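Visitor: Hi there! Could you walk me through this model? I'd like to hop between topics as we go.

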Amino acid sequence: MNRQDPARATSRRAEPDRAASMYVEPGHAAARGEQPSPAHRIAADLDAYLGDPMDESAGPFSYKAIVEAEERDELPSGAVDAVRDWGFPAYLVPCHLGGRLATLEELFFVTRGISRRSVTLAVMYGSGLLAVNPVWLWGNDRQQELVADGVLKGDLACFGVSEADHGSDVMACEAEAESDDDDLVLNGTKWPVGNATRGRFVTTYARTGSRDFSLILVDKDGLDPAMWDVLPPVRTVGLRGHDLSGIIFNDARVPAGGVIGRRGSGLVQTLKTLQITRTAIAALSVGTIDAVVRIGMEYAHQRTLYGADIYQIPVIRDHLVKAHLDLLIAECVAIPVTRCLTVEPARLSLWSSIVKYFVPVLGEEVVASIGTVLAARGYLREGVAHGVFQKLQRDHAIASIFEGTTHVNLANVAGQLPYLVTPPEPTGDEAGLLAGLFDWTRVPPGWRPDGRRLQLTNEGLDEIGQRFAATVDELRTAAKAHAAPGVAAELADLAERIGDLRADLHAGIRDAAGDTTSVAALNRARRYCEIHAMISCVLTWLHNQEEFGGAFAEGRWLVLCLQRLLQRVHPDTELSEEHLPSLEAAMFKGAGAGAGGQAWFSLRSLADDDQAVQRADDQAVHPAAAAGA
């Protein structure tokens, strides 16, 4: 018996005039106040719409409603409708097809906003994104129009790749599609698959020849119900209420035109598609980090022991400060790679794997650390924040597993390392590329999906890491001119230590050039990711300090983030106590911002708002004004 959800609610699309008001022409300076880019403004709109999750009156997105629904293995009543009514499905559909998916950066920020309330709901839509991206990248006009219309109306999609006996070994796929006149006859079982039961569209990975695999778009609405069935829901540790199930095809007749792109290219298409969703998954982690740090901060100031709030206990303060630094580091690593999809998509093969390994690992560490702050309260399904911490902890565990496990992504990085240690001759375009990635006040180019622009390897190119010497020179110069007193010297010392780590790593890679699969090779990949994170923090400061001003420009946060990252290599590295007050001021500001507590913990909170607003007035050019001129 088919178990497809019959109540596929169709909701109004979000008003296009609201969307239009949030966009700025690429190349123009974005407003630099509380939201320095369209992505931030869109996310702020969603945050205000969903309300403060700590507030019981916030409806289906209050922690109270979320925890109560999970006890029933359900999503909160009204949650999906609320997200649809706001217009979230439009951020899964490119603009030229009637949606609002202009950049991956925008999708990252709105997904972060949902994830700090419900990772489960974010995963539901993330599973759909994975399924529809091949259609956007390689599909024909008919396929794109069909799927876009369905998604905008609220239909879900799923990506049928996994099989019970083969896991990530996609070459062992048993599902098969054989030609029969103008049809393909599809047989096989896909399991486990997110949205397999509720989803209308199934992007199915199937064998179409002895060594050929293709992606086939299956529309359940167009299939004879006798040709397919779904498997029962899988019982999971977290994500309770999410549709994780499976689908069986039994002589399902699909039009031959259902093949997405060129027949036989399914393996390459799958590997390229994962580069996008691996990057987007970081939003689940950053949203979770934001949520648990907020819960920890509130608890630390409300809980009194020994005559004072427990934030005054050094070890509690240490946990919360380091967790906040980890969130800032995660932003520095993830946000540039979300921009990469439209700035330089050919680099995603490496950088998406770095993000997919590093940011979820940071998230796991932060969740564990805040669990130490909450102590016994973190183990309860009630009490602090309505007991949501234990749910966030269980839900976030999926981030390191799907779209390639931690080890799969480290292996992808390890396989490219021998080609990265000898940089190519500079082209002169490197500085512009890095500015496009790291300048938060620039609007990235809009996305016009084209699978040909994605590559299976970086072909030896990594401008973030390979331009290290030039980046350090720029850091020394800018820090002397703009950083707080004493910070320039500390940054110079930290840069030297990073340089030593980098030199040792490169020597190790050269000495073991033929080894890309051993445990030692994965450890080298891990170190490469850590150094990438350090350089990303530096580049984030370099490209934003003049515009942001304030505590951001002073660079104290950068010293602390680099010290925090070095603790992964040298655990005895200490954080500079004299730099903590400005960081803690931003932490307290985020924790207590407004009655709704809607301000994110973010590097943006370190910006000088007055200076930013003035520069926006002086420099920003509205597209309409520019057209009139």
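Guide: Happy to. Let's begin with N195, which counts as buried because its relative accessibility is 0%; buried means under 20% relative accessible area, exposed over 50% and partly exposed in between, with a 1.4 Å probe and protein chains only. This is a predicted model, where local features need pLDDT of at least 70, side-chain atom pairs count only at pLDDT 80 or more, and totals for chains, interfaces and linings use all residues. Residues are numbered from 1 along each chain as its sequence is written, and side-chain values use heavy atoms, with hydrogens and water left out.

Visitor: Where is N195 placed, and what is its phi near?

Guide: N195 is in the loop between β3 and β4. Its phi is near 75°, a positive value in a residue other than glycine. Helices (H or I, at least four residues) and strands (E, at least two) are DSSP runs, numbered from the N terminus.

Visitor: What about D181, buried or exposed?

Guide: D181 counts as exposed, because its relative accessibility is 75%. D181 is in the loop between β2 (176–180) and β3, and has a positive phi of about 55° although it is not a glycine.

Visitor: Which residues does the cis peptide bond join?

Guide: The cis bond joins W191 and P192, with omega about -10°. P192 belongs to strand β3 (residues 183–194).

Visitor: On to T203. Which strand is it in, and what does it touch?

Guide: T203 is in strand β4 (residues 201–207) and counts as buried because its relative accessibility is 1%. Not counting residues up to four places away in sequence, T203 touches A131, P134, C158, F159, G160, L215, I216, L217 and I260. Contact here means heavy atoms within 4.5 Å.

Visitor: Switching to helices: how do α10 and α12 cross?

Guide: The axes of α10 (residues 348–374) and α12 (residues 406–416) come within 9 Å and cross at roughly 140°. Axes are lines fitted to C-alpha atoms, for helices over the stretch in contact, and angles run from 0 to 180 degrees between N-to-C directions. The two helices are therefore oblique to each other: angles under 35 degrees count as roughly parallel, over 145 as roughly antiparallel, 65 to 115 as roughly perpendicular and the rest as oblique.

Visitor: Which residues of α10 and α12 make the contact?

Guide: From α10 there are S349, L350, S353, I354, K356, Y357 and V361, and from α12 T406, N409, L410, N412, V413 and Q416.

Visitor: And G113, where is that found?

Guide: G113 sits in helix α5 (residues 104–115) and is buried, because its relative accessible area is 2%. Leaving aside neighbours within four places in sequence, G113 is in contact with D47 and W600. The C-alpha atoms of G113 and L284 are separated by 9.0 Å, although these residues are 171 residues apart along the chain.

Visitor: How many residues of α19 are buried?

Guide: Eleven of its eleven, so helix α19 (residues 556–566) is mostly covered. Among them are R556, W557 and Q563.

Visitor: Last one: what does the secondary structure of the whole protein come to?

Guide: It comes to 22 helices and nine strands. Of the 629 residues, 59% count as buried. Among contacts between residues at least 6 apart in sequence, 78% join residues at least 24 apart.
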